[in-house]
Amino acid sequence: MLYETDYTMTEIEIPQFFLCPISLQIMKDPVTTVRGITYDRESIEKWLLKAKDCTCPITKQPLPRSPEFLTPNHTLRRLIQAWCSANEANGVDQIPTPKSPLSNSNAEKLVKDLEVSSRFQKALEKLHALAMENERNRRCMASAGVAEAMVHVITKIFKQGNKTTPCVEEALRILRLLWSSANMVDSNNNNNNNNIKRMVGENFDFLNSLTWALQLQTKNNVKLTNEAMPILKLVIEAKDSTALGNLKLEFFKVVVSVLKNRELSQQAVKSALHVLIETCPLGRNRMKIVEGGAVIELIELALEKPEKNMTELVFILLANLCSCADGREQFLQHAAGIAVVSKRILRVSPTTNDRALHIFSLVSKFSASNEVVQEMLRVGAVSKLCMVLQADCASYLKEKARGVLRLHSKTWNNSPCIQVYLLTRFHR
């Protein structure tokens, strides 16, 4: 194979056995499988992780999925390094000696060190550094039960009433890094119960721990909330819907408080919206979310014109909350409620259009005092409904808009926008 460098633009012939059969690139960390074929470690580990049938890419014979069955080919690595050094003047990059990969036994030792107070901090820092390093480490750590250990660490600190937030923050960060790897390891091991999801799904102490962590949010603890909120989202997704129907008002007040904090990451705010959307239809949660002040915070958030995905989440939740009388009451009490919903129609996405029109439909049917009907006309909501009828959008959205206009046609018939719409329709 010819190797063309960026520096000299000279073509160098690479020995064929230096190339990984999968990536066709020079191997940086050659390892040999039990079938005797050598691959670059990164390429074969990805293959073993993602392949439905765990077989050798060359021989098609079965291979063990665990990376522990891959043997480093030190002789070949030294030959490759020597060749790279000899061709350095031609622009060939040097290949450093790879670090020894993390083993299950090393990860398990660090987990045991967490149980010894004198070793706890150092073990936690080491686990964090390893998790940050690469995906292979994260899979190994997940296999060794590190994710479950982090759940225990966070729950233990919560139960002890210990406000050592740096430890909680670090444990949350490790858990977030390992979450998808832990799920992948469970899947590859044919664990249909999905161990980490099952563990947090059945563990209300951990949910309470996360709620407690969110209550610690101050200017100095923004990072803690940024870590805790995405984990809370994952936990809620893993929990049984029956259990979620019994969440307390305090839980929702804490999650709603995340929507107020403009110093938090977008991911944290989106996670809070997902949590509220996921739990809203269950039990009396809708009323609790309204009581927690979510409607006002959603309108304030919408006024800041967030990006498309967040706007959609805001309107999905707002439409859910407006399906109850208290939710509509709070919506109408906010001076900008009707106006902000009107402004976003035809400006963001079909999902936002749908939810915005649903909000107007609910308000028009169940909360349409004379004052509200006049307000819709005054802030341009009626004009926007007429624009929907003429816009290039889905027919069901036009029907929704038409339905709202029919409800109060006597009041709105003499408005200029209705007259213009009728005139345009007549001339067509």
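## Around N353

Two residues are in contact here when their heavy atoms lie within 4.5 Å. With that in mind, let's visit one asparagine in this predicted model. N353 is found in helix α19, and that helix covers residues 350-366. Leaving aside residues up to four places away in sequence, N353 touches R344, I345, L346, R347 and L397.

One of these neighbours, L346, also takes part through its backbone: the side chain of N353 reaches the backbone nitrogen of L346 at 2.7 Å. Is N353 buried or exposed? Its relative accessibility is 8%, and the limit for a buried residue is under 20%, so N353 counts as buried.

## Where α17 meets α19

Helix α19 has a packing partner too. Two packed helices are described by the angle between their axes and the distance between the axes. Helix α17, residues 325-333, packs with α19 at an angle of about 100 degrees, and their axes are 11 Å apart. Angles of 65 to 115 degrees count as roughly perpendicular, so α17 is roughly perpendicular to α19.

Which residues make this contact? From α17 come R328, F331 and L332, while α19 supplies I359, L362, V363 and F366. Sorted by class, the contact of α17 with α19 has six nonpolar residues, one charged residue and no polar ones. Arg counts as charged, so R328 is the charged residue at this contact.

## The buried side of α3

Helix α3 spans residues 104-113, and its buried residues are N104, A107, L110, V111 and D113. An α-helix has 3.6 residues a turn, so residues three or four places apart point the same way.

What do the buried residues of α3 pack against? Their partners are three helices: α4 (117-133), α5 (135-143) and α6 (146-160).

C20 has a relative accessibility of 1% and counts as buried. C84 is buried as well, with a relative accessible area of 1%. A disulfide would need a pair of cysteine sulfur atoms within 2.5 Å, and by this rule the count comes to zero disulfides.

## The protein as a whole

Stepping back, the protein has 24 helices and five strands. Of its 428 residues, 51% are buried; N353, C20 and C84 are among the buried ones.

Finally, a word on contacts along the sequence. Among contacts between residues at least 6 apart in sequence, 65% join residues at least 24 apart.

Methods:
Residues numbered from 1 in each chain as written. Predicted model: local features only at pLDDT ≥ 70, side-chain atom pairs only at ≥ 80, totals over all residues. Heavy atoms only, no water. Axes fitted to C-alpha atoms, helices over the stretch in contact; angles between N-to-C directions. Helix = DSSP H or I, 4+ residues; strand = E, 2+ residues; numbered from the N terminus. Parallel < 35°, antiparallel > 145°, perpendicular 65-115°, else oblique. Buried < 20%, exposed > 50% of the residue type's maximum accessible area, 1.4 Å probe, protein only. Polar contact = N/O pair within 3.5 Å; in protein donor to acceptor, adjacent residues only side chain to side chain.
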